[in-house]
Amino acid sequence: MEQDWIWGLVGGLLIGTGGAVYLLGNGRIMGASGIIGGLVDGTGRNTLAERLVFLAGVILLPILLYPLYGAVDTHVSTNPLVIIAAGLLVGAGTRLANGCTSGHGVCGISRLSLRGIVATVFYILAGGLTVVVFRHLLGVI
Amino acid sequence: MRLLYAFLAGGLFGAGLFVSGMTDTSKVQGWLDVFGEWDPTLAFVMGGAIIPMAIAWRLVPGRKPLVGGTFPAPQEPKISRELVLGSTMFGAGWGLAGLCPGPAIASLSYGGMWHWVFVAAMLAGMAITPSLRVRLDRLAPAE
């Protein structure tokens, strides 16, 4: 679609506004891996409700918007090995690094955090290299 | 109010991920794939998201969060091996599936079974991380 970048920009502005609400309202950094991870390893026990309500919003809004689109193909891989390996790497990697695309990328870069910038450089390089190797050399994805 | 702000933030995040197309794994992999038919969308999403966040960070000094308490303290600019190793692992998984934690959750309602499998594996990966940290420290004690 020709207007993909416009919707990308609109979506980006919405994401950033969400991050701004979370920061200015609750004084917290909107990082998806941190919010989810705190539920998994028990470190977020004191902020349980806040985390669950946040995630409910993340799941609910696409459900409300979906009828406007009719069908959305996520083109996700159906290779069990690829999906499970990817999920494990994303889960462990983001928790080890204390952040993902939202925490290190959006919230970190916007405050010119060195850690956020370094993390983003590494995950983009690793992601690019992985796509090149597994798509063009091995033909797996 | 704390829960209302959290829900509002999550809703905006989910809506943004949905309309931007970031739950479409082919758009994410298309952006990472510089040797294929390059898809620039992700750069616009990232750029668009950084604008309101940068404004929000500028409003922080001298204020308190609306619900009270304190804002997150500025980070020590320490580049740990966990940051580098973790981000590299995350990037590899991100490239493999085209999913990161936010979009993986946002697409659960319509992405189908493999999105659930991905999220289950991701939760397992998060659950084993504390013991992974212990092993890493034992293997190569931090200085």
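In chain A of this predicted model, 44% of the contacts between residues at least 6 apart in sequence join residues that are at least 24 apart. For chain B, the corresponding share, again among contacts between residues at least 6 apart in sequence, is 41%. The two chains touch through a contact that takes 96 residues from chain A and 101 residues from chain B, and a helix pair formed by H4(A) and H4(B) is described at the end of this briefing.

**Chain A**

- The secondary structure of chain A consists of 6 helices and 0 strands, and the order of its elements along the sequence is α-α-α-α-α-α.
- Chain A has 141 residues, of which 56% count as buried.
- Taken along the principal axes, the box filled by the C-alpha atoms of chain A is roughly 45 × 40 × 30 Å.

**Chain B**

- Chain B contains 6 helices and 0 strands, and from the N terminus on its elements follow the pattern α-α-α-α-α-α.
- Of the 143 residues in chain B, buried residues make up 50%.
- The C-alpha atoms of chain B occupy a box of roughly 45 × 45 × 30 Å, again taken along the principal axes.

**The contact between the chains**

- Chain B contributes 101 residues to the contact and chain A contributes 96 residues.
- On the side of chain B that touches chain A, the elements giving two or more residues are helix H1 (2-20), helix H2 (25-32), helix H3 (41-59), helix H4 (81-97), helix H5 (101-106) and helix H6 (113-139).
- Sorted by class, that side of chain B holds 67 nonpolar, 29 polar and 5 charged residues.

**The H4(A) and H4(B) pair**

- Helix H4 (residues 80-96) of chain A and H4(B) have axes that come within 7 Å and cross at roughly 155°; because angles over 145 degrees count as roughly antiparallel, H4(A) is roughly antiparallel to H4(B).
- The crossing in which H4(A) passes H4(B) is left-handed.
- From H4(A), the residues that make this contact include A:Val82, A:Ile83, A:Leu89, A:Val90 and A:Leu96, together with A:Gly87 and A:Gly93.
- From H4(B), the residues that make this contact include B:Glu82, B:Leu85, B:Met89, B:Phe90 and B:Trp94, together with B:Gly86 and B:Gly93.
- Divided by class, the residues of the contact of H4(A) with H4(B) comprise 15 nonpolar, 6 polar and 1 charged.

Key. Residues are numbered from 1 along each chain as its sequence is written. Chains are lettered from A and ligands numbered from 1 in the order in which they are written. This is a predicted model: local features need pLDDT of at least 70, side-chain atom pairs count only at pLDDT 80 or more; totals for chains, interfaces and linings use all residues. Two residues are in contact if their C-beta atoms, placed from the backbone, lie within 7 Å. Helices (H or I, at least four residues) and strands (E, at least two) are DSSP runs, numbered from the N terminus. Ala, Val, Leu, Ile, Met, Phe, Trp, Tyr, Cys and Pro count as nonpolar, Asp, Glu, Lys and Arg as charged, and the others, Gly among them, as polar. A residue is buried if 20 or more other C-beta atoms lie within 10 Å of its own, exposed if 12 or fewer, and partly exposed in between; C-beta atoms are placed from the backbone. Axes are lines fitted to C-alpha atoms, for helices over the stretch in contact, and angles run from 0 to 180 degrees between N-to-C directions. Angles under 35 degrees count as roughly parallel, over 145 as roughly antiparallel, 65 to 115 as roughly perpendicular and the rest as oblique. A crossing is left-handed if the near helix is turned anticlockwise from the far one by less than a right angle, and right-handed if clockwise.
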